[in-house]
Amino acid sequence: QVHLVESEGGSVQAGESLRLSCVVSGVPISSIYHMAWFRQAPGKEREGVASIAGVGGDGRSTYADSVKDRFTISQDSSRNTLYLQMNTLKPEDTAVYYCAARTSIGRWYGWRSRESYHTWGQGTQVTVSS
């Protein structure tokens, strides 16, 4: 069974950086079809932030327009860990961040859709002050 555990988030000032980690247990990260980071701000829907293709893919990463050129998604197979490097943070980046894994073949709703993923982490709070 796959488990995802995010690192502790944090509170930073606008313009600062933060790196989130998501440790995968139960399977090698290299066997996962697709991984992603989502976030949910108070009163808003959970939205896709970034994704990275795994098995059967080409390792391509994709980003929401709101974070492109500021955030970087990556994974380290030796540590079985997914990362999200967040630079030049803005107050509007404040949210609970979740990692997600697509662990089997099934209907694909697109990387931004929650229905495309089978396993979720518990979420971690990121707060950016102006």
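Arg70 is buried, with a relative accessible area of 9%; buried means under 20% relative accessible area, exposed over 50% and partly exposed in between, with a 1.4 Å probe and protein chains only. Arg70 belongs to a network of salt bridges that also links Arg39, Glu47 and Asp93. The structure is a predicted model, in which local features need pLDDT of at least 70 and side-chain atom pairs count only at pLDDT 80 or more, while totals for chains, interfaces and linings use all residues. Residues are numbered from 1 along each chain as its sequence is written, and side-chain values use heavy atoms, with hydrogens and water left out.

**Salt bridges**

- The structure holds six salt bridges, a salt bridge being a side-chain nitrogen of Lys or Arg within 4 Å of a carboxyl oxygen of Asp or Glu.
- One of them joins Asp93 and Arg70, with the closest N and O atoms 2.8 Å apart.
- Strands (E, at least two residues) are DSSP runs, numbered from the N terminus.
- Asp93 is buried, at a relative accessible area of 1%.
- Another salt bridge brings together the side chains of Arg39 and Glu47, at 2.7 Å from N to O.
- Glu47 is partly exposed, with a relative accessible area of 35%, whereas Arg39 is buried at 5%.
- Arg79 is exposed, with a relative accessible area of 58%, and Asp76 is partly exposed at 23%.

- Arg39 is placed in strand S4 (residues 34-40).
- The side chain of Arg39 makes a polar contact with the side chain of Asp93 at 2.9 Å.
- A polar contact is a pair of N or O atoms within 3.5 Å; within protein, one must be able to donate a hydrogen and the other to accept it, and residues adjacent in sequence count only if both atoms are side-chain atoms.
- The side chain of Ser66 also makes a polar contact with the side chain of Arg39, at 3.5 Å.
- Arg102 is found in strand S9.
- Arg102 is buried yet has no salt bridge, and the nearest side chain of opposite charge, Glu115, is 9.9 Å away.
- For charge, Lys and Arg count as positive and Asp and Glu as negative, while His and the chain ends are not counted.
- The side chain of Arg102 reaches the backbone oxygen of Gly106 at 2.7 Å.

**Disulfide**

- The structure holds one disulfide, defined as a pair of cysteine sulfur atoms within 2.5 Å.
- The disulfide joins Cys22 to Cys99, with an S to S distance of 2.1 Å.
- Cys22 lies in strand S3 and Cys99 in strand S9 (residues 95-102), so the pair ties together parts that are 77 residues apart in sequence.
- The torsion about the S-S bond of Cys22 and Cys99 is about 60°, so the disulfide is right-handed.
- Cys22 is buried, with a relative accessible area of 0%, and Cys99 counts as buried at 0% relative accessibility.

**Sheet**

- An open sheet of four strands has the order S1-S3-S8-S7, with antiparallel pairing.
- The edge strands are S1 (3-6) and S7 (71-76), each of which pairs on one side only.
- From one strand to the next, the twist averages 20°; axes are lines fitted to C-alpha atoms, and angles run from 0 to 180 degrees between N-to-C directions.
- Two strands pair if DSSP finds at least two bridges between them.
- Strand S3 (residues 18-25) and strand S8 (residues 81-86) pair in the antiparallel sense over six bridges, and Leu20 has Leu84 in S8 as its bridge partner.
- S7 and S8 run antiparallel and are joined by six bridges, with Gln75 standing opposite Leu82 in S8.
- S7 and S8 form a hairpin with four residues between them, and Asn80 in the turn has a positive phi of about 50°.
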